[in-house]
Every structure is written in structure tokens, then in C-alpha cells.
Amino acid sequence: MGPVDYLVIEFPGNRMTGEAFPLLVDLAERGIVRIIDLAFIRKETDGSVVALELRDLGDEIDLTVFEGASAGVLDQGDIEEAGNALEPGNSAAVLVYENLWAAPLARALRRSGAQLVASGRIPVQALLASLDATEETVPPGGSAAA
């Protein structure tokens with residue numbers, strides 16, 4: 001297997017436009033990712049977290065392509081933990097996916113005896129801020145290396 005990641009994507013005010021869902025389907029169809037589990041949740045104003053069925057999300061978005069996309073990896077504890085990240089009154093998609101693009105690399109590394117000893121993710125905002133800071137220190141037409 002390739003590395004497995006998860007995302008909790010919050011939709012303020014329960015407003016899902018569905019714009020990103022075709023892009024997720026495209027990634028899966030091209031073999032870049034494999035959707036292991038996908039759940040939709042809502043944090044009520046009293047702080048309780050409930051799992052949503054696809055039909056609970058309304059008729060505005062066609063999510064039938066995701067029916068059966070759950071392997072049951074996410075349990076109630078995971079749903080509750082994801083809900084902790086949400087503001088009351090908002091909903092979220094919780095996605096667990098395998099990075100298929102990395103599976104051949106992971107197999108080769110395991111065969112050679114290598115093992116993953118650290119992993120992490122750099123938030124996009126932090127990366128952009130770092131890149132902006134780097135650009136500010138480089139003179140026009142110059143090089144950051146001195």
C-alpha cells in the first residue's frame with residue numbers, strides 16, 4: 001500500500017457546493033488515490049456530532065458516485081474526533097484515502113529495508129508565507145544564495 005492520509009473538510013453553515021467532488025472522482029479514476037472511507041458529519045449547535053447519510057445532504061448535489069465508498073475504517077470515535085475540529089452548525093466530509101501514486105516507491109523502499117521514521121504535512125498557508133518571505137529577501141534579478 002501507499003501512504004494513507006485523512007482529511008476533515010469543513011463546510012460553514014452546511015453549504016456544500018459539490019464543486020470539488022468531481023475532482024476527487026477524477027483522482028480516483030486516474031489511480032492517483034483510492035478512497036478508503038468517506039463520511040459526512042454535522043456538528044449540531046449543542047455540540048453533538050451526527051453522521052449524515054448521502055440522502056441527508058440534499059438534492060442540489062449528486063453524490064451517488066460515492067455510495068458504497070465506505071470500507072468501515074471510520075468508527076464513531078473517529079467521527080467524534082473529527083467533529084471536535086468543527087464549529088457548531090457546520091458540516092464536514094471526512095475522507096480517508098490511499099496515495100496510490102506512492103505505492104511503488106513504498107514497496108521498493110520496504111524491499112530495501114528502509115522504513116518511515118517521520119511524516120508530516122506542511123500547511124499551505126505556512127508554505128506560502130515562507131515562500132513570500134524568501135521572495136522578499138531576494139533582490140530583483142538576484143539570487144538568494146550568497
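# Briefing: cores, pairs and surface

Glu-98 has a relative accessibility of 4% and therefore counts as buried, a class that means under 20% relative accessible area, whereas exposed means over 50% and partly exposed lies in between (1.4 Å probe, protein chains only). The model is predicted, so local features need pLDDT of at least 70 and side-chain atom pairs count only at pLDDT 80 or more, while totals for chains, interfaces and linings use all residues. Residues are numbered from 1 along each chain as its sequence is written, and side-chain values use heavy atoms, with hydrogens and water left out.

**Overall architecture**

- The secondary structure of the chain consists of four helices and four strands, which follow one another from the N terminus in the order β-α-β-β-α-β-α-α; helices (H or I, at least four residues) and strands (E, at least two) are DSSP runs, numbered from the N terminus.
- Of the 146 residues in the chain, 28% are buried.
- Among the contacts in the chain with a separation of 6 or more, 83% are made by residues 24 or more positions apart, where contact means heavy atoms within 4.5 Å.
- The chain exposes about 10000 Å², and carbon and sulfur atoms supply 55% of that area; accessible areas come from the Shrake-Rupley method with a 1.4 Å probe, and for residues only the protein chains shown count as cover.

**Nonpolar cores**

- The largest nonpolar core has 12 residues, namely Phe-11, Met-16, Phe-21, Leu-24, Val-33, Ile-35, Leu-38, Phe-40, Leu-52, Ala-93, Leu-95 and Tyr-97; such a core is a set of buried Ala, Val, Leu, Ile, Met, Phe, Trp, Tyr and Cys residues joined through side-chain atoms within 4.5 Å.
- Helix 1 (21-29), strand 2 (33-43) and strand 4 (91-99) are the elements that give two or more residues to this core, and strand 2 provides the largest share, with four residues.
- Another core, of 11 residues, lies apart from the largest one and includes Ala-39, Ala-82, Leu-86 and Ala-92.
- Leu-24, which is placed in helix 1, has a relative accessible area of 14% and is therefore buried; 11 residues separate Leu-24 from Ile-35 in sequence, and their C-alpha atoms are 8.9 Å apart in space.
- Leu-38, found in strand 2, is likewise buried, because its relative accessible area is 11%; Leu-38 and Ala-93 are 55 residues apart in sequence, yet 6.9 Å apart in space, C-alpha to C-alpha.

**The aromatic pair**

- A search of the whole structure finds one aromatic pair, the rule being that rings of Phe, Tyr and Trp (its six-membered ring) pair if their centres lie within 6.5 Å, with planes under 30 degrees apart counted as stacked, over 60 as edge-to-face and the rest as tilted.
- The pair is formed by Phe-21 and Phe-40, whose ring centres are 6.0 Å apart and whose planes stand at 75°, so the arrangement is edge-to-face.
- This pair links distant parts of the chain, since Phe-21 belongs to helix 1 and Phe-40 to strand 2, 19 residues apart.

**Salt bridges**

- The count comes to four salt bridges, each a side-chain nitrogen of Lys or Arg within 4 Å of a carboxyl oxygen of Asp or Glu.
- In one of them, Arg-34 pairs with Glu-98, and the closest N and O atoms are 2.9 Å apart; this pair links distant parts of the chain, with Arg-34 in strand 2 and Glu-98 in strand 4, 64 residues apart.
- Arg-121 is exposed, with a relative accessible area of 56%.
- Glu-44 and Arg-42 form a further salt bridge, with the closest N and O atoms 3.0 Å apart; Glu-44 counts as partly exposed at 25% relative accessibility, and Arg-42 is partly exposed with a relative accessible area of 24%.

**Nonpolar surface**

- Ile-122, Val-124, Leu-127, Leu-128 and Leu-131 make a nonpolar surface patch of about 490 Å²; patches are made of residues with over 30% relative accessible area and no salt bridge, like charges being joined within 9 Å and nonpolar side chains (Val, Leu, Ile, Met, Phe, Trp, Tyr) within 5 Å.
- Leu-128 is found in helix 4 (residues 124-137) and is partly exposed, with a relative accessible area of 48%.
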